[in-house]
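Student: Could you take a close look at one helix for me, together with the backbone around it? I would like to see how it sits in the whole chain.

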Amino acid sequence: MASKSSRKMIAALQVSLDGFIQGPDGEKDWADSWASALQLIPDVDMFVLGGRMYPDYGAFWESIEADPDRVPPFQEQVPTKSEVAYARLAATTPHIVLSTTLTSVSWPPTAQVIRDVAELRILKSRPGKNMYVVGGATLVASLLNENLIDELRLIIHPIVLGKGQGLFSSVTRRLWLDLVQARANESGRVIVTYRRRAER
């Protein structure tokens, strides 16, 4: 949990109704772009993501920043306005990549690799705006297990995948959460914010 002097660490993710962030073959065609989650946490000055997610993430957003009129990797159409806005913001925002295998990251220029959660805890304790945990699920679960994530902001899609990669599959402890906000939009999605409650 965040202390009064530390910044919040917020995970904002898209998830199916049955709790998966992707299907059994890695499919995410039912979800929107990564840019959709950023609207939930406007007041951030640092992005955090895992080493498995970074290569595709970096290639996608670097491509959009370099040429917003070109079709980026992993997509069949030119970027939307929100994707271009995300790429431009991400390009100027420090990124922390938690990885024991990557030796360096090239985009954005302020990105850096850290090796363990202890380093991330130090960064969180320093003054600043909120920290946006981009993902993926393994990273989010590990940070929940370490009591580092303060809020979960989820876009819940009206689809049942049946199986796939579960958002909470690797969480090893019971978590108590308080509902802060819930709202539905015209597409049938429900956007919810949960704040982590102090340990009982």
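Tutor: Happy to! In α5, the buried residues are Ala-137, Leu-139, Val-140, Ala-141, Leu-143, Leu-144 and Asn-145, where buried means under 20% relative accessible area, exposed over 50%, and partly exposed in between, with a 1.4 Å probe and protein chains only. Helices here are DSSP runs of H or I with at least four residues, strands are runs of E with at least two, and both are numbered from the N terminus. Helix α5 spans residues 137-145, and because seven of its nine residues are buried, it is largely enclosed by the rest of the structure.

A word on the source: this is a predicted model, in which local features need pLDDT of at least 70, side-chain atom pairs count only at pLDDT 80 or more, and totals for chains, interfaces and linings use all residues. Residues are numbered from 1 along each chain as its sequence is written, and side-chain values use heavy atoms, leaving out hydrogens and water.

Now the two ends of the helix. Just after α5 comes Asn-147, with a positive phi of about 60°. This residue lies in the loop between α5 and β7 (151-157), and Asn-147 is partly exposed, at a relative accessible area of 24%. Both features deserve a look, since most residues other than glycine have a negative phi, and most peptide bonds are trans.

Elsewhere there are counterparts to compare. A cis peptide bond also joins Trp-107 and Pro-108, with omega about -10°; Pro-108 sits in the loop between β4 and β5 (112-114). Phe-74 has a positive phi near 70° and lies in the loop between α2 (54-66) and α3 (81-91). Phe-74 is exposed, with a relative accessible area of 59%.

Stepping back, the protein chain has five helices and ten strands. Its radius of gyration is 16 Å, close to the 16 Å that the globule rule gives for 200 residues, so the chain is as compact as a globular protein of that length; the radius is taken over C-alpha atoms, and the rule is 2.2 Å times the number of residues to the power 0.38. Of the 200 residues, 46% count as buried. As for confidence, the chain averages a pLDDT of 89, and 92% of the residues score at least 70; pLDDT is the predictor's confidence in each residue, from 0 to 100.
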